[in-house]
Amino acid sequence: MKAVVLDTDDHYRVAELDEPTPGPGQVAVRVAYAGIQWGDTMVRAVPRPFVPGFEASGHVVAVGAGVDARRIGEAVTALTTSGACAEVVLAPAELALGIGGMPLRTAAGLGWGAPTAYDLINTVAQVRPGESVLIHAAAGSVGTFAAQFARLAGAGRIVGVAGTADRADYAAGFGYDRILLREEFPAGLGDERPDVILDPVGGSTRTAGLERLAAHGRLVAYGNLAPYEPVLADVNDLLMQGKSLLTYNSNLLGGTHPERLADSARRALGLVADGKVRVDITAEYAFEDLAVAVRRLAEGTTRGKSVLRVA
């Protein structure tokens, strides 16, 4: 099979590899599209050669021990630990979800972003009707999903934070009540104190967010886009105002409790299938152009979701 390989010389190349065989509890998926996500920008330190790609859509072509053989031929969206940028990828059967008649291209746009956003809003922050929500990285895949899930959860006000005016304009199409530019946070909030903040940034942004939370507010940290610096929080200060600092790691959840991640992914998938949530794929790349896609994502020029066309 053909696969994109990140080689020892730090370059991507298309290579011929043997097709993988599914082990117990796994399925093999013939890939139609691979989703591009932030994890693809963070693989420079992994052992080489390495086949990147953490999400895919396609059809099940083989199953391992313990998996119902009737799944062969099923159209799925799959979450993987690697290898999605190839003609065939292995995935845990539990994290390969049937998509019914949904187009494979659309299904590739869900990836890890949709269940992550669903969990951030509904499982971790538990947004209540009427609450205000602030979402950093508002124009990204998680941000655009999270704004829609927040509205469905009954949020009374949704504010986004975006890095550029162009990204702010794009994010405005997903139901935000207001978009701030990154340099406007937190001063641009005025007297607003959000009940919930979703923060993949870290550093001084996280510290400012904790200070700005409303009483009984929840800040959910789910990434660290900023240069790493410790964020120190005094538990007694948080306690006095009922504030909470929470974390969410979807990759860890997929390994420790895949059934929980699968449930959230299935719920997100259902909302997309019902037309209540929109998947916006803004760029489609050819198989050999993965390096371009990853570079643009790392540079912050990507909006919404990008996919790699495999078949």
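Thr207, Leu210, Glu211, Val231, Leu232, Ala233, Asp234, Asp237, Leu238, Gln241 and Lys243 line the second largest pocket. A pocket here is an open set of points on a 1 Å grid over the protein atoms alone, with protein on both sides within 12 Å along at least five of seven lines, and lining residues have an atom within 4 Å of a point. The model is predicted, so to speak of local features takes a pLDDT of at least 70 and side-chain atom pairs count only at pLDDT 80 or more, while totals for chains, interfaces and linings use all residues. Residues are numbered from 1 along each chain as its sequence is written, and side-chain values use heavy atoms, with hydrogens and water left out.

Let's stay with that second largest pocket for a moment. Its space comes to about 160 Å³, a volume being the space filled by probe spheres (1.4 Å probe) set on the grid points. Helix H5 (203–212) and helix H6 (235–241) each give at least two residues to its lining; helices are DSSP runs of H or I with at least four residues, strands are E runs of at least two, and both are numbered from the N terminus. The lining has 5 nonpolar, 2 polar and 4 charged residues, where Ala, Val, Leu, Ile, Met, Phe, Trp, Tyr, Cys and Pro count as nonpolar, Asp, Glu, Lys and Arg as charged, and the others, Gly among them, as polar.

Now turn to the largest pocket, with about 1,400 Å³ of space. Of its 44 lining residues, Trp38, Gly39, Pro200, Tyr222 and Leu225 are the closest to the centre. By class, this lining holds 18 nonpolar, 22 polar and 4 charged residues. Among the elements that supply at least two residues each are helix H2 (113–124) and helix H3 (141–152).

Tyrosine 118 is buried at 14% relative accessibility (buried means under 20%, exposed over 50%, partly exposed in between, with a 1.4 Å probe and protein chains only), and phenylalanine 149 is buried at 1%.
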